[in-house]
Amino acid sequence: MNRVLMILAASILSLLAQESPTTPRAARVQIIQGPTIELATQYLTVIRWTTNNPGGSPVHYGIVHYGTNPSRLIETAKSPIRLNPGHSSTVFRVRLDDLKARTTYYFRVDSMGANGERDRVTSPIGRFTTR
């Protein structure tokens, strides 16, 4: 009897741990809000933006390309998120660490699925200055 309960419990845990279903791919992904600088210090900067739900892979990454020259955004930061198939929009938040104090940075945001497929949406170049 204990063996049957163990097998049943393992099966239930396995089902609960499975990845969420794939959300249908959006015909066109658009940034509908932002990007916005939530915080800009030398130790921590957070950039947030919202798109319509891109769909596809349940795991996505918000990506920020940045640098001190708007023509050379050679640094990259990314943060994972999980899409909610029941929501029509997705909020991305990406953290940039260890920036220089009192320095102006330029950035552009985009996103991609866990499979590496880009969502084909990028922002215009923005800027912020750290404290």
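**Strands and rings in a predicted model**

Reader: Are Trp49 and Phe92 buried or exposed?
Author: Buried means under 20% relative accessible area, exposed over 50% and partly exposed in between, with a 1.4 Å probe and protein chains only. By that cut-off, both Trp49 and Phe92 are buried.

Reader: What do the numbers and values rest on?
Author: Residues count from 1 along each chain as its sequence is written, and side-chain values use heavy atoms, without hydrogens and water. Local features need pLDDT of at least 70, side-chain atom pairs count only at pLDDT 80 or more, and totals for chains, interfaces and linings use all residues, since this is a predicted model.

Reader: What is the angle between the planes of Trp49 and Phe92?
Author: Rings of Phe, Tyr and Trp (its six-membered ring) pair if their centres lie within 6.5 Å; planes under 30 degrees apart count as stacked, over 60 as edge-to-face and the rest as tilted. The whole structure holds four aromatic pairs. Trp49 and Phe92 form a stacked one, 5.4 Å centre to centre, with the planes at 15 degrees.

Reader: How many residues apart are Trp49 and Phe92?
Author: Strands are DSSP runs (E, at least two residues), numbered from the N terminus. Trp49 is in strand S2 and Phe92 in strand S5, so the pair links distant parts of the chain. The separation is 43 residues.

Reader: Why is the pair of Tyr105 and Phe128 stacked?
Author: The ring centres of Tyr105 and Phe128 are 5.6 Å apart. The pair counts as stacked because the planes lie at 20 degrees.

Reader: What is the order of the open sheet of three strands?
Author: Two strands pair if DSSP finds at least two bridges between them. The pairing in this open sheet is antiparallel, and the order is S1-S2-S5.

Reader: Which are the edge strands?
Author: An edge strand here pairs on one side only. The two are S1 (31-40) and S5 (89-97).

Reader: In S2, what is the bridge partner of Gln33?
Author: S1 and S2 (residues 44-52) pair in the antiparallel sense over six bridges. The partner of Gln33 in S2 is Thr50.

Reader: Which residue in S4 stands opposite Val64?
Author: Strand S3 (residues 59-67) is largely enclosed by the rest of the structure, because eight of its nine residues are buried. S3 runs antiparallel to S4 (residues 75-82), with eight bridges joining them. Opposite Val64 stands Ala77.

How values were computed:
Helices (H or I, at least four residues) and strands (E, at least two) are DSSP runs, numbered from the N terminus.
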